[in-house]
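Here is a short report on one protein chain. Please keep the sequence and the structure in view while reading.

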Amino acid sequence: MRNRRLAGENYSLSCMEFHACSRGITLSILDGKRILLGISGSIAAYKTAELARLLIGQGAEVQAVMTDAARRFITPMTLQALTGRTVRAELFDAAHEAAMGHIELARWAQRILIAPASAGFMARLAGGYANDLLTTLCLASPAPRLLAPAMNQGMWADASVRDNVTLLRQRGATFLGPDEGGQACGDNGLGRMLAPERIVDLLAVSFQPESWRGRRVMLTAGPTREAIDPVRYLSNHSSGKMGYAIASALRERGAEVVMVSGPVALSPPEGVRLIRVESAEQMYNAVIQGIHDCDVFIATAAVADYRPVKIHKKKTKKQGGEFTLRLTPNPDILRSVATLKNGPFTLGFAAETHDVTEYARAKLKDKQLDAIAANLVGGDQGGFARDENALTVIWPTGEQHLGMRDKRELAYRLLDVIEPLILESGKFMECRVKT
Ligand code: C5P
């Protein structure tokens, strides 16, 4: 039997802190935070000037530390002017060591943000080489490390770089990016440094309290495939990007996440328990089996409404003329969970090509959901297979529009909106709250 916990006071801290107001001024969560901004050698270092400016604008204290190679791409003077602090670069610098020694600096930092992180720098960090000030600081500091890689797409794909990334991740480093797109060298692919604004957002996220710690969330993601015969199926254009972004944001905020996913070309976020399925029936069975001890259910999957009545054992042959396929309805997974007695908080999605909020409101009521996130799909809109999306979150007593943005960022904003709703619903299990 589920045992509900009422709203906990500490729970909404992240939203409150993020938007804490003082005399009408919105304070950033980065206000007063001590950031050691490491810069290694990559052409993307020119973007670090903007990054430093944004961080200072958010009220952070920024100490730039540059490698030798970084100083060939951007001058320390630029960083000094933007941060208001002398840039550190030398390990054996008598004057600086007398003022704030490198060990003191390592202790001062609340976060070490390396942007750009070059392939060479990551190799040295992975290898534990304390052969310059920046790597030495990384080894000496207990602060979490966030790396924004920047390099040629071929380098990023190289096996030695992949190994170093895996190793650094295993040791707790957080990777911010890289992004995909045109590169300074003329190539196109994965390896661009994330935009400074995005790095600032993700750095801010790293300071948010783990407001979902002790909560178990199940979500569905991606499309389903409904087999016609051994080689053909019915499906849709869902990429799974929204669901995977939400799973990742939930993990960042400390939730235990179980994701039941249809076939997608994405790797699951670290720490997420992934159950791979193909058909709607398999998705339904996996959800029903695991839902009993979940606090929240988020249905992002684009579940096929129908499946063929009969799955042919052998490949069906062309017959000439019209071909009729008899379909039967699939179980509605979301409705089944939402109507469970003592069930979890349920958030559904409504993807429509028109009249999206009207349909979503009707769905919210009809499926007895706690909230629904509506988005337009098709045409120039975001939605299916795109990196960007806009959502209108609707619940029985209100709604909030979240404008077009990267799905990864949208995921965090969506959590910000539903966190207070979940609290109000009281749909948390007492027995799941960890100390
Ligand atoms: O009814 P409709 O398919 O428009 O509802 C969309 C919402 O319901 C999505 O959240 C989707 O994941 C969920 N759904 C489901 N099982 C189905 C069909 C939709 O969970 N069979």
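Helices here are DSSP runs of H or I with at least four residues, numbered from the N terminus. Helix H12, at residues 241-252, is one such run, and Gly-254 follows H12 with a positive phi near 95 degrees. The model is predicted.

## Overview

The chain holds 16 helices and 23 strands. It has 435 residues, and 50% of them count as buried. Its accessible surface is about 20,800 Å². Carbon and sulfur atoms account for 50% of that surface.

Contacts reach across the sequence. Take those between residues at least 6 apart: 67% of them join residues at least 24 apart.

## The nonpolar cores

The largest nonpolar core has 69 residues. Leu-55, Leu-113, Ile-246, Leu-250, Ile-298, Leu-414 and Ile-418 have the most contacts inside this core. Helix H16, residues 407-425, is the top contributor, giving 9 residues.

Leu-250 shows the packing in detail. With neighbours within four places in sequence set aside, Leu-250 is in contact with Trp-212, Val-217, Leu-219, Ala-255, Val-257, Ile-298 and Leu-415. Another core, of 28 residues, lies apart from the largest one. Its members include Met-122, Ala-143, Met-151 and Leu-168. In general, nonpolar side chains of soluble globular proteins tend to be buried together.

Helix H2 covers residues 45-57, 13 residues in total. From first C-alpha to last, H2 reaches 19 Å, close to the expected 18 Å. Ala-45, Lys-47, Thr-48, Ala-49, Leu-51, Ala-52 and Leu-55 are buried in H2. What covers these buried residues? The cover includes strands E4 (34-39), E5 (61-66) and E6 (111-117). It also includes helices H3 (70-73), H4 (76-83) and H11 (196-207). After H2 comes Gly-59, with a positive phi near 90 degrees.

Helix H12 has 12 residues. Its C-alpha span is 16 Å, close to the 16 Å expected at 1.5 Å a residue. The buried residues of H12 are Met-242, Gly-243, Tyr-244, Ala-245, Ile-246, Ala-247, Ala-249 and Leu-250. Ile-246 and Leu-250 are also among the residues with the most contacts in the largest core.

## The parallel sheet

Five strands form an open sheet with parallel pairing. The order is E5-E4-E6-E7-E8. Which strands stand at the edges? E5 and E8 (174-175) do; each has a single partner strand, so one side of each is left without a neighbour in the sheet.

E6 pairs with strand E7, residues 145-149, in the parallel sense over 4 bridges. Arg-145 in E7 is the bridge partner of Ile-112. Strand E6 also contains Pro-116. The peptide bond joining Ala-115 and Pro-116 is cis, with omega about 0 degrees.

## The E9-E10 hairpin

Strand E9 (residues 179-182) and strand E10 (residues 188-192) run antiparallel, joined by 4 bridges. The hairpin has 5 residues between the strands. Gly-186 in this hairpin takes a positive phi near 100 degrees.

Gly-181 lies in E9 and stands opposite Gly-189 in E10. Is Gly-181 buried or exposed? Its relative accessibility is 15%, and buried means under 20%, so Gly-181 counts as buried. Apart from neighbours within four places in sequence, Gly-181 is in contact with Asp-187, Asn-188, Gly-189 and Arg-192.

## Backbone details in loops

Pro-178 sits in the loop between E8 and E9. The peptide bond from Gly-177 to Pro-178 is cis, with omega near 10 degrees.

Two residues other than glycine have positive phi here. Asn-342 has a phi near 60 degrees. Asn-342 lies in the loop between helix H14 (333-338) and strand E19 (345-352). At 35% relative accessibility, Asn-342 counts as partly exposed. Gln-368 also has a positive phi, of about 60 degrees. The loop that holds Gln-368 runs between helix H15 (356-366) and strand E20 (371-376).

Terms used:
Residues numbered from 1 in each chain as written. Predicted model: local features only at pLDDT ≥ 70, side-chain atom pairs only at ≥ 80, totals over all residues. Heavy atoms only, no water. Core = buried A, V, L, I, M, F, W, Y, C linked by side-chain atoms within 4.5 Å. Buried < 20%, exposed > 50% of the residue type's maximum accessible area, 1.4 Å probe, protein only. Contact = heavy atoms within 4.5 Å. Areas by Shrake-Rupley, 256 points an atom, 1.4 Å probe, with all protein chains shown as cover. Expected span 1.5 Å × (residues − 1). Pairing = 2+ DSSP bridges.
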